[in-house]
Amino acid sequence: MIEDARARQRRHRRIGWALAAAALAAGVLIAGLVGGWGGAGHPANGQPSNPPPSPPATGSTVVLKQPVSLAVGLNGELYVADPGREQILRRLPNGRFVVVAGTGIPGYSGDGGRATRAELDGPGSLAVAPNGAVYFAQTGRMKTSSGLMSSVVREVEPNGTISTVIGRNPNCAVVPANAQSVPAESAEFSGASLTIESSGRLDLSTTVCANVLRLGSFLRLTATGKLVQTPADSIPNVSGYCGPEIAGPGFMAFGCGSGAGRGPRLMVVRSNGSTVNYPDIGSQPDDMAASNGTVVAIHNGAVVRIGVSGLETIATQQQLTKLVSSAALRMGDNGIAIDHHRHVYVNEDYLVRHRGCTDVIVEIDPSGHMRTLWHSAPSRSCY
């Protein structure tokens, strides 16, 4: 539900912004606790001393159509989920994109075979594990008991084989009341936001089998194929409206929507137990990412670095807007990622004067220099 809610928020926000600009267009808990929990600690802690080789470019090269979520591998490979193509893509050093998963035909098939021969349906949130495995959430092919389309989480192994690791046979009826875990295969959920914690385990934020269990929103996939609560659920004032925890040195950060009398916000829980809320106008932070203990987020239209002492601006909203020639308005943010060299990648939508909308993927290096890695041709349809 987290991912679906974000998609609705972005869609509504963009519609409002597009209407408002029509005239213009026409003219983290915590160093000690994190380590003690064995949970989402510093990504550097789980980074192999010898990163795995980049996966071979076995799929065909294609042009992006509707990129959304971004993720970065340990060798700096940029991955993109593109629901417009129904594929997962990887950027090559020459700037072209190669297919990692998906035939381009919407569906749900291919488990056990080559990922490039599998059908995907609405790929969304992405995460890359230290061993090079790529995880992504996608819509399934059946409705949940609540009437929403079920979701699954699929894994593309380093050898290119695809499988469903969560939600393959959704059936909450097999889960006993008051259970402390859910078989990942039986999990029933709609939308999820994914992250990788320090040991390489997959974490996700979603609501699973809500009518059966009292699990929190932060779940971890265990080696035995079960979903269990992460310790982040015990942090006070973190509600089910918050996205997965992202850890930095001495803190955990959460992107939170409205709930329990609180508005959308970026929330940081520090090592001394204090909680700081950074209110956001219009929506919660669109996305967050972490690498080597560095946490970045899109907040109030700017790209910021989150630290124990506060927020540090990496790129202002004005700088991001000026990056695109003739941009009248930034329509919104689709994703953010960071590599272990502190290069930040952001996917932005813009309204361009007289020409419609364009989609841009930007790289920001540690010195603050920005460059465009890809941009779409202006289109009259804005998604």
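Strand β9, residues 162-166, is mostly covered, with 5 of its 5 residues buried. Bear in mind that this is a predicted model. The partner of β9 is strand β8, residues 149-156; the two run antiparallel and are joined by 4 bridges.

Glutamine 138 belongs to strand β7, residues 134-143. Is glutamine 138 buried or exposed? Its relative accessibility is 1%, and the cut-off for buried is under 20%, so glutamine 138 counts as buried. Beyond four places in sequence, the residues that glutamine 138 touches include Tyr108, Glu119, Asp121, Pro123, Ser151 and Val152, as well as Arg154.

Now the core. The largest nonpolar core has 24 residues, and those with the most contacts inside it are Tyr135, Val153, Ile166, Leu194, Leu202, Val208 and Leu227. Two or more residues each come from β7, β9, β12 (202-205) and β13 (218-221). A second, separate core has 19 residues, among them Val296, Ile298, Ala327 and Ile338. As background, nonpolar side chains in soluble globular proteins tend to be buried together. Back in the largest core, take leucine 194. Leaving aside neighbours within four places in sequence, leucine 194 is in contact with residues including Tyr135, Phe136, Val153, Leu202 and Leu204.

Next, the cysteines. How many disulfides are there? The count comes to 1. It joins cysteine 172 to cysteine 209, with an S to S distance of 2.0 Å. The angle about the S-S bond is -85°, and the link is left-handed. The pair connects distant parts of the chain, 37 residues apart: cysteine 172 sits in the loop between β9 and β10 (181-183), cysteine 209 in the loop between β12 and β13. Cysteine 172 has a relative accessibility of 10% and therefore counts as buried. Cysteine 209 is also buried, at 3%.

Last, the overall numbers. The protein has 4 helices and 26 strands. It has 383 residues, of which 54% count as buried.

How values were computed:
Residues are numbered from 1 along each chain as its sequence is written. This is a predicted model: local features need pLDDT of at least 70, side-chain atom pairs count only at pLDDT 80 or more; totals for chains, interfaces and linings use all residues. Side-chain values use heavy atoms; hydrogens and water are left out. Buried means under 20% relative accessible area, exposed over 50%, partly exposed in between (1.4 Å probe, protein chains only). Contact means heavy atoms within 4.5 Å. Two strands pair if DSSP finds at least two bridges between them. A nonpolar core is a set of buried Ala, Val, Leu, Ile, Met, Phe, Trp, Tyr and Cys residues joined through side-chain atoms within 4.5 Å. A disulfide is a pair of cysteine sulfur atoms within 2.5 Å.
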